[in-house]
Amino acid sequence: MEAIAFTDVSKSYGDVLAVDGLDLSVRAGTTVALLGPNGAGKSTSVNMLLGLLRPTRGRVEVLGRSPDEAVARGEVGAMLQSGELIPELTVRETVDFVRRLYPDPLDLDEILAMADLAGLAKRRAGKLSEGQAQRVRFAMAVAGAPELLLLDEPTAAMDVESRLRFWAGMRDYAARGRTVLFATHYLQEADENSDRVVVIARGGVVADGTAAEIKAGVGGQAVHFTLGRQPAAGLDALPGVTAVGIQAGAATLQTTDADATVAALYRGTSLEVRDLRIAGADLEEAFLTLTRES
Ligand SMILES: Nc1ncnc2c1ncn2[C@@H]1O[C@H](COP(=O)(O)OP(=O)(O)OP(=O)(O)O)[C@@H](O)[C@H]1O
């Protein structure tokens with residue numbers, strides 16, 4: 001069963017085309033990271049899944065229904081980029097208030113434990129740090145035990161420790177067989193917390209797979225070595241080389257054929273090459289290659 005289905009979806013704001021012919025389906029039970037640079041169309045896509053925005057063209061389905069129906073049935077939980085809490089209510093009161101709106105909510109203490117809020121249950125919402133308030137928003141999003149959980153840049157205001165705790169809570173929820181889609185710019189978060197990474201740029205999908213598949217698909221390698229004060233002229237003409245970077249006497253050659261590049265570096269130049277190292281493209285390089293404006 002598909003939890004999410006975008007079929008040839010476009011969304012324009014006036015003459016800005018924010019989402020451009022998006023086709024994406026997500027099987028129930030999967031955790032998907034929607035990764036993309038600023039303005040790629042992530043929030044617009046999430047808001048269409050919630051029925052907050054209507055597509056200009058195409059069809060959006062959530063759990064086999066229209067977004068409005070799925071939301072009305074309490075099947076979708078969301079943590080959006082903003083959302084004020086009621087400052088006078090305690091954390092416990094806030095979460096309990098929300099869970100009572102749903103037909104079959106999770107147990108209150110279970111929610112507080114999952115969102116790592118048990119120690120803050122009596123704190124008034126107005127006294128929370130921004131990272132703590134984000135954990136309350138997460139608790140509110142899972143309170144109704146939704147089949148589909150949507151998280152739009154959930155860790156934006158969190159420090160390292162809060163992030164780790166947050167992702168542990170998210171994985172706990174996903175492990176119950178629920179579908180989770182989260183939007184992020186953080187490559188590492190996408191890599192570590194999803195089953196599938198969908199990279200979007202300019203409103204469309206530019207790569208889709210596990211983080212390992214995306215890295216392999218870009219296929220490039222990097223040859224690093226110490227150049228010191230020797231001249232760098234000619235490095236860009238070596239076989240396979242697509243880009244040359246020199247920083248503080250250290251050279252990095254991006255290449256499509258590391259063997260040919262290294263062979264030519266030793267045989268075809270008179271450079272004294274030291275500390276040579278070959279590395280696969282990491283997700284960051286893959287992301288930059290995929291989303292570069294051309
Ligand atoms: N209400 C709006 N009116 C006009 N243009 C908009 C509106 N909302 C978004 N846009 C534009 O649509 C494009 C996609 O925006 P969107 O917020 O979906 O991207 P995003 O991937 O979520 O970006 P970010 O990572 O910065 O949150 C951008 O060019 C943005 O400027």
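Author: The protein splits into domain 1 (2-209) and domain 2 (217-291), with bounds that come from an automatic or database domain assignment. This is a predicted model, where local features need pLDDT of at least 70, side-chain atom pairs count only at pLDDT 80 or more, and totals for chains, interfaces and linings use all residues. Residues are numbered from 1 along each chain as its sequence is written.

Reader: What separates the centres of domain 1 and domain 2?
Author: 40 Å, taken over C-alpha atoms.

Reader: And how many residues of domain 1 are in contact with domain 2?
Author: Ten residues of domain 1 contact six residues of domain 2. Contact here means C-beta atoms, placed from the backbone, within 7 Å.

Reader: Which elements supply that side of domain 1?
Author: Helix 7 (187-193), strand 8 (196-201) and strand 9 (204-209) each supply at least two residues. Strand 9 gives the most, with three. Helices (H or I, at least four residues) and strands (E, at least two) are DSSP runs, numbered from the N terminus.

Reader: OK, switching to the ligand. Which residues surround the ligand?
Author: Y13, V16, A18, G36, N38, G39, A40, G41, K42, S43, T44 and H185. Being near it means that the C-beta atom, placed from the backbone, lies within 6 Å. Strand 2 (16-27) and helix 1 (42-49) are the elements that give two or more residues to this shell.

Reader: Which one gives the most to the shell?
Author: Helix 1, with three residues.

Reader: Now G21. Where is the place of G21?
Author: G21 sits in strand 2. It touches D8, S10 and G204, leaving out residues up to four places away in sequence.

Reader: Why is G21 partly exposed?
Author: Because G21 has 15 other C-beta atoms within 10 Å. With C-beta atoms placed from the backbone, 20 or more within 10 Å makes a residue buried, 12 or fewer exposed, and in between partly exposed.

Reader: Last one, helix 5. Which residues of helix 5 are buried?
Author: Q134, R135, V136, F138, A139, M140, A141 and V142.

Reader: What do the buried residues of helix 5 pack against?
Author: Strand 5 (76-79), helix 3 (91-99), helix 4 (108-114), strand 6 (148-152) and helix 6 (160-174).

Key:
Contact = placed C-beta atoms within 7 Å.
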